[in-house]
Amino acid sequence: MLLIYNIFTLLFAVFISLLLITGTFLITRAVYLRKLNVFYIGIAYILIGFGFIGNLVFKLGIIFEEIFVSSGFSFLALFTYTTFYKNRNHKAKYLLTCVLSLLVIHFIFKVIFFIQPNELTHIIRKIFDVISTFSIFAWMGLSSLVAYQRIKDENIQQWIKTRYKIFSYSALLLSVQAIPELFLPYDVSYGDPDFNAVLIFGITLILSLIFSLGFLFAWIIPKQLKKINNKLISIWNRRKN
């Protein structure tokens, strides 16, 4: 059990590293391109990474972690809105408001549970965790998928279309990441010698790792891989026709 947990801990360190690498790249890219939406997702990655590092490495507490993670999630919602809906769909403002409100409610219950932990507040905060995580990443993934459907038949380089697909599938996968945590007892936390805790930690970690790898590849595609992707898609399309 300890060996498995140590392996998961190592993978979690890889996940945090991928977040920070991707976030740093995106912020640099945002400054160069002067793209506010790219800055939003870059700073989101950095904030989420710092939140986990502050709590797990420097022992600054769960409230420190939640402030940074919740702020990062808020920037992810802003990224989705400014990338796919700004000046296109005024109703999306209401959805953005709902998502941000869910994050605030979720943070409040996190604080309440930290002050007075009990089974009721644990269940409520986990329910809001599932709802807020799903709403942020499902919204992002579906928005990217709809955008892909709009451009899939246009004369655009294939690697750009591939980026949309990877982006959407990775986000949709992560939208269910918080569901296993509903089955974690309130008095058990990650790192405890408990089979369920290790199993749930492993499931959520694997989903998060796939997401971070997908986003890293979607944003930082090497030029050679872009060429290979374009050729493979062209061959596939010719065979279909």
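The following dialogue goes through some terms used for this predicted model and the values behind them.

Student: What should I know about the model before we start?
Tutor: The model is predicted, so local features need pLDDT of at least 70 and side-chain atom pairs count only at pLDDT 80 or more, while totals for chains, interfaces and linings use all residues. Residues are numbered from 1 along each chain as its sequence is written, and side-chain values use heavy atoms, with hydrogens and water left out.

Student: How many helices and strands does the protein have?
Tutor: The protein has eight helices and zero strands.

Student: What makes two rings an aromatic pair?
Tutor: Rings of Phe, Tyr and Trp (its six-membered ring) pair if their centres lie within 6.5 Å; planes under 30 degrees apart are stacked, over 60 edge-to-face, and the rest tilted. By this rule there are 18 aromatic pairs.

Student: Why is the pair of tyrosine 40 and phenylalanine 75 called tilted?
Tutor: The centres of tyrosine 40 and phenylalanine 75 are 5.9 Å apart and the planes 40 degrees apart, so the pair falls in the rest class, tilted. Tyrosine 40 lies in helix H2 (residues 36-56) and phenylalanine 75 in helix H3 (residues 62-84), so the pair ties together parts 35 residues apart in sequence.

Student: Is tyrosine 40 buried or exposed?
Tutor: Buried means under 20% relative accessible area, exposed over 50%, and partly exposed in between (1.4 Å probe, protein chains only). Tyrosine 40 has 15%, so it is buried. Phenylalanine 75 has 24%, so it is partly exposed.

Student: Why is the pair of tyrosine 85 and tryptophan 139 called stacked?
Tutor: Tyrosine 85 and tryptophan 139 are 5.6 Å apart centre to centre, with 25 degrees between the planes, so the angle meets the stacked cut-off. Tyrosine 85 is in the loop between H3 and helix H4 (92-115) and tryptophan 139 in helix H5 (residues 119-151), 54 residues apart. Tyrosine 85, at 18% relative accessible area, is buried, and tryptophan 139, at 7%, also counts as buried.

Student: What makes arginine 125 lie over the face of phenylalanine 113?
Tutor: A charge sits over a ring if NZ of Lys or CZ of Arg is within 6 Å of the ring centre and within 35 degrees of the ring normal. Arginine 125 is at 3.9 Å from the ring centre of phenylalanine 113 and lies over its face.

Student: Why are H2 and H3 called roughly antiparallel?
Tutor: Axes are lines fitted to C-alpha atoms, for helices over the stretch in contact, and angles run from 0 to 180 degrees between N-to-C directions. Angles under 35 degrees count as roughly parallel, over 145 as roughly antiparallel, 65 to 115 as roughly perpendicular and the rest as oblique. The axes of H2 and H3 come within 8 Å and cross at roughly 165 degrees; the two helices are therefore roughly antiparallel.

Conventions: Helix = DSSP H or I, 4+ residues; strand = E, 2+ residues; numbered from the N terminus.
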